[in-house]
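Please look through the sequence and the model before reading the points below.

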There are 2 protein chains.
Amino acid sequence: MLERSRLDASRRARFAVSAPTLADVAELAGVSRQTVSNAVNNPDLLRADTLARVQQAIDQLGYKPNRAARNLRTRSSHLIGLRISPVQEGTASAVMDRFVHSLVETSGEAGYHVLLFTSDAQVTGDPLAGYDELLRSTAVDAFIVTDTYLGEGQASWLRERRAPFVAFGRPWDDANARHPWVDIDCAAGAELATRHLIDKGHTRIAWIGWKKDSVLGEERRSGWLSAMHGAGLPTTGLASRVEDAVGSGRSAAQVMLDEATPTAFVCASDTLAIGVMHALAERGLQAGDDIAVVGFDDSQVAQTVWPGLTSVRQPLEQAAIEVVKALEGLLSTPPQVGPSVMLTPTLEIRGTSGPDRS
Amino acid sequence: MLERSRLDASRRARFAVSAPTLADVAELAGVSRQTVSNAVNNPDLLRADTLARVQQAIDQLGYKPNRAARNLRTRSSHLIGLRISPVQEGTASAVMDRFVHSLVETSGEAGYHVLLFTSDAQVTGDPLAGYDELLRSTAVDAFIVTDTYLGEGQASWLRERRAPFVAFGRPWDDANARHPWVDIDCAAGAELATRHLIDKGHTRIAWIGWKKDSVLGEERRSGWLSAMHGAGLPTTGLASRVEDAVGSGRSAAQVMLDEATPTAFVCASDTLAIGVMHALAERGLQAGDDIAVVGFDDSQVAQTVWPGLTSVRQPLEQAAIEVVKALEGLLSTPPQVGPSVMLTPTLEIRGTSGPDRS
DNA sequence: TCCAGGTGTTGGAACGATCAAGGCTGGACG
DNA sequence: CGTCCAGCCTTGATCGTTCCAACACCTGGA
């Protein structure tokens with residue numbers, strides 16, 4: 001008892017705010033360290049009255065387990081690594097923002113925190129360097145991998161090193177990958193967008209999409225294609241594949257308007273859709289009234305631009321929830337790998353859809 | 001030697017990928033653990049040949065110090081907590097995205113990682129609960145506080161608990177706060193925007209800003225006011241204070257156009273500026289050609305909307321760099337608190353500025 | 001030859017938690 | 001009455017690193 005308070009005193013002298021430890025709680029409650037540990041982690045192992053006593057001591061001291069000590073002993077950090085990609089200035093996409101937010105919230109509820117890192121590709125030349133460092137220093141328990149369509153081989157790299165991870169985005173480059181993943185059926189999204197325009201009476205609906213080397217772009221394009229074919233509508237001369245930039249969308253639309261007389265545009269991204277709207281504005285045409293436009297991502301731009309850009313909205317909040325669910329399975333003992341999840345997007349209808357053409 | 005390899009074997013049996021430890025490196029290099037530790041943390045303590053030998057062993061085994069063990073011993077995690085605020089749907093602001101990205105990059109170079117958490121205010125009712133948990137479990141070394149204009153008392157709360165933190169945003173509510181902070185001189189930004197319009201020949205320049213209880217809004221408004229006064233221009237009847245929403249900006253602009261015949265608008269946010277552009281579109285007016293509009297934040301919307309929204313751009317990348325710099329001072333021993341930093345925004349000139357009116 | 005003084009290296013203890021195994025109680029059962 | 005067992009709690013060891021104090025080695029001067 002005496003020795004104890006001496007220890008306290010010396011500790012208090014060195015550290016202004018010294019967090020209470022398991023031992024402090026144990027002493028106050030008159031039990032052993034392990035019992036306090038059990039009270040925190042396996043409360044049902046204790047007798048009710050003991051638990052209450054320990055609990056009260058915990059509250060009284062404001063005890064919280066020391067993260068570092070727990071991490072060391074349990075060989076886990078309860079941290080999840082997420083690599084964020086560079087901000088794309090001049091585009092309309094803000095997909096990550098919503099996803100990250102929902103991810104932080106959901107994983108917090110599951111007892112995990114999200115740790116961010118960047119690719120540093122411009123520094124080291126290796127886009128996977130960030131993963132390597134966190135993995136080898138055992139800083140995170142698992143990763144969440146995005147941007148799988150870039151074909152950087154993140155997934156196979158991580159699997160080789162037996163690092164647990166969940167992908168947001170299907171394994172485009174590896175058909176027999178066995179890791180858990182969650183993705184959004186963007187072909188269904190494009191199909192939804194196209195059908196919406198067909199329902200409104202459009203028959204000449206153009207597609208402004210990404211270049212052929214973008215798997216994601218081809219996937220979205222296939223949704224437009226199947227909706228058009230399903231309705232028996234022509235598609236020849238109505239598709240364009242360009243860079244994902246406002247200017248590209250604009251010039252693609254100009255060409256299309258001159259050569260194919262479309263009455264509506266479906267775009268692979270809001271960025272391209274905004275480009276189409278620029279082209280219309282330059283001709284004195286009003287998006288919606290004269291020609292319909294639908295975008296993809298439901299970005300802030302789509303939400304705020306006049307007169308409101310109809311856009312495919314990805315269920316990113318739901319995606320984050322599914323990712324965390326898969327992660328929990330992966331990190332439980334024994335690890336449980338559930339089936340992969342494919343979510344369906346919705347359509348946010350706004351002014352650029354225009355009135356019905358009947 | 002024999003015992004060592006037995007240990008290795010049993011370890012390998014339990015953990016598929018077992019990271020090498022300090023002891024492993026020490027044995028391979030034929031030195032003690034402490035020497036390896038020194039090689040990593042204080043290389044200049046070793047003789048050149050010893051260092052080389054240890055370094056080679058480190059490379060050979062691919063050794064990285066175990067984070068948890070190091071954290072436990074040094075009582076620091078090299079993690080920085082950042083609370084992210086809820087995503088604002090339907091607005092144009094995306095300030096955080098750029099700031100967070102730059103922060104992750106800069107702090108990474110300084111050896112720190114960023115850990116995200118949410119306020120959970122809707123769950124616990126206490127916006128500071130997230131801070132408390134991370135602080136008491138010693139999960140982070142420091143915090144970066146944003147949204148200081150909300151008046152939640154984050155700063156004073158953290159100071160009371162002696163938690164190291166740097167604020168992005170000046171201490172609006174506490175004039176004699178002593179913590180380090182970095183902020184952007186948004187009054188100067190609004191002044192810059194207004195001067196730009198004055199230079200173009202405008203004399204009746206309206207202000208669409210936030211409600212009076214927003215300190216940030218009043219600050220920005222003061223920039224407009226001083227530019228107008230400086231040029232000897234009238235301001236009566238030309239200022240409006242509304243909610244930060246597209247619809248509010250739109251109706252405020254309608255009223256203003258009817259009653260005060262302005263030829264230009266300066267807005268407290270891109271969201272409001274977009275609202276003004278809606279009002280113009282509804283009257284068949286073209287932003288830029290007919291009436292000039294300037295926004296604030298240089299959001300993706302400003303960058304992509306037709307014909308390009310002139311907007312005040314905050315130097316968020318620079319802000320993040322300054323924040324990390326302050327943080328490094330704060331976490332060094334002894335802590336060094338430098339002077340607070342105020343940065344000046346720039347103006348991104350686009351189509352809505354319109355031609356010169358001379 | 002011996003010692004002072006610096007440089008380079010070492011072994012033991014500590015950080016604060018959990019794991020694994022063992023001890024103590026009281027009641028059930030042969 | 002002795003043994004066993006289940007329930008509850010305690011003890012000692014351990015995770016991998018860094019801190020601390022001490023030790024071996026070398027050089028130069030007395």
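Predicted model: local features only at pLDDT ≥ 70, side-chain atom pairs only at ≥ 80, totals over all residues.

Residues are numbered from 1 along each chain as its sequence is written, chains are lettered from A and ligands numbered from 1 in the order in which they are written, and side-chain values use heavy atoms, with hydrogens and water left out.

- Of the atoms of DNA strand C that come within 4 Å of the protein, 59% belong to sugar and phosphate.
- Phosphate oxygens of DNA strand C lie 2.2 Å from a polar side-chain atom of Thr50(B) and 2.7 Å from one of Thr35(B).
- In Arg47(B), a backbone N or O atom lies 3.4 Å from a phosphate oxygen of DNA strand C.
- Helix 3 (33-41) and helix 5 (67-74) of chain A, with helix 3 (33-41) and helix 5 (67-74) of chain B, each give two or more residues to this surface; helices are DSSP runs (H or I, at least four residues), numbered from the N terminus.
- Helix 5 of chain A provides the largest share, 5 residues.
- The surface has 9 nonpolar, 10 polar and 9 charged residues, where Ala, Val, Leu, Ile, Met, Phe, Trp, Tyr, Cys and Pro count as nonpolar, Asp, Glu, Lys and Arg as charged, and the others, Gly among them, as polar.

**Helix 10 of chain B**

- The 14 residues of helix 10 (residues 186-199) should span 20 Å at 1.5 Å a residue, and the end C-alpha atoms are 20 Å apart, which agrees; the expected span is 1.5 Å times one less than the number of residues.
- Buried residues of this helix (under 20% relative accessible area, 1.4 Å probe, protein chains only) include Cys186(B), Ala193(B) and Ile198(B).
- Gly201(B), with a positive phi near 105°, follows the helix.

**Cavities**

- The model has 2 cavities of 30 Å³ or more, a cavity being a set of points on a 1 Å grid over the protein atoms alone where a 1.4 Å probe fits but cannot get out.
- The largest cavity holds about 140 Å³ of space, and its lining draws its largest share, 3 residues, from helix 6 of chain B.
- The second largest cavity has a volume of about 100 Å³.

Notes: Near = heavy atom within 4 Å. Polar contact = N/O pair within 3.5 Å; in protein donor to acceptor, adjacent residues only side chain to side chain. Buried < 20%, exposed > 50% of the residue type's maximum accessible area, 1.4 Å probe, protein only. 1 Å grid on protein atoms, 1.4 Å probe; cavity = no way out; pocket = protein on both sides within 12 Å on 5 of 7 lines; lining within 4 Å. Points joined across faces, edges and corners; volume = space filled by probe spheres on them.
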